[in-house]
Amino acid sequence: MDHGGVRDVEQAGGRGGLTAYQAELRDRMLAAPVVPAPEPWRPVFEGCAPVGGLLGIGFAAHPENGRDLVMVVSGDGHGLFDAVTGERIARDRDPDPDAEECGRDAPPGLSCPGLGPIAGRSVYIAGLLGGALHTGTGDGWVLEVVSPDWPHDRVLLSRGSSMPHRAPHGEGWWHIFHSYYSELRAVGFSPSGRTLAVATSSDVTLWTRAPAD
């Protein structure tokens, strides 16, 4: 999604060749501070969960309670987080080298073998080696990544409009994450739409919301 030329703005490296609207949009992106995600979203961690050498993340559902789980793949092994409490419920520091290679398999996709309560299942992973997570939910929340000061990426959350950036920042759209210190790996919602994740090369940040009534 480019919402009126955000990507063109990112690649232009300045105002040259930009329309007045594109230049104004770029300026609005640059001026928008990072703000908390709006209700009903709440942060899972106090800040983020450090994960050195993070390569990618994926989602799964707990087989007993249905909660979203987040699997994190890094150079130090694999970890599994409860996406509601933030608890790390399983960890494998030395994954089996004879198992799936987390993204180096042939299509249909990037995957890793699950661990803990999802052992024996395959988990789709998005990150450094490719792949993508859901950028929207069934009830209208949308995520996008823009880079008005490339190479730094900004994550924007919006809802309910095809042109959210026409509204004031903090009303129609929210700048919820600025990756100025590490390389962005993956951004997206869980399949259930109840978890929002941003993964960089050094950490993972999660937001959660209660299931819809």
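Let's start with a hairpin: strands β10 and β11 form one, with 2 residues between them. Keep in mind that this is a predicted model. The two strands run antiparallel to each other and pair over 7 bridges.

Arg154 has another contact to look at: its side chain meets that of Asp149 in a salt bridge (3.1 Å, N to O). Arg154 counts as buried because its relative accessibility is 5%, whereas Asp149, at 22%, counts as partly exposed.

Arg159 forms a salt bridge with Asp139, with the closest N and O atoms 3.8 Å apart. That pair links distant parts of the chain, since Arg159 sits in strand β11 and Asp139 in the loop between β9 and β10, 20 residues apart. Asp139, Arg159 and Arg209 are linked in a network of salt bridges.

Now over to the open sheet, where 5 strands line up in the order β6-β5-β4-β3-β9 with antiparallel pairing. Its edge strands are β6 and β9, each pairing on one side only. Strand β5 pairs with β6 over 4 bridges, and His78 has Asp92 in β6 as its bridge partner.

Here too there's a salt bridge: Arg67 and Asp82, whose closest N and O atoms are 3.0 Å apart. Arg67 lies in the loop between β3 and β4 and Asp82 in strand β5, so the pair ties together parts 15 residues apart in sequence. Asp82 is buried, at 7% relative accessible area, while Arg67 is partly exposed at 32%.

Terms used:
Residues numbered from 1 in each chain as written. Predicted model: local features only at pLDDT ≥ 70, side-chain atom pairs only at ≥ 80, totals over all residues. Heavy atoms only, no water. Pairing = 2+ DSSP bridges. Salt bridge = Lys/Arg side-chain N within 4 Å of Asp/Glu carboxyl O. Buried < 20%, exposed > 50% of the residue type's maximum accessible area, 1.4 Å probe, protein only.
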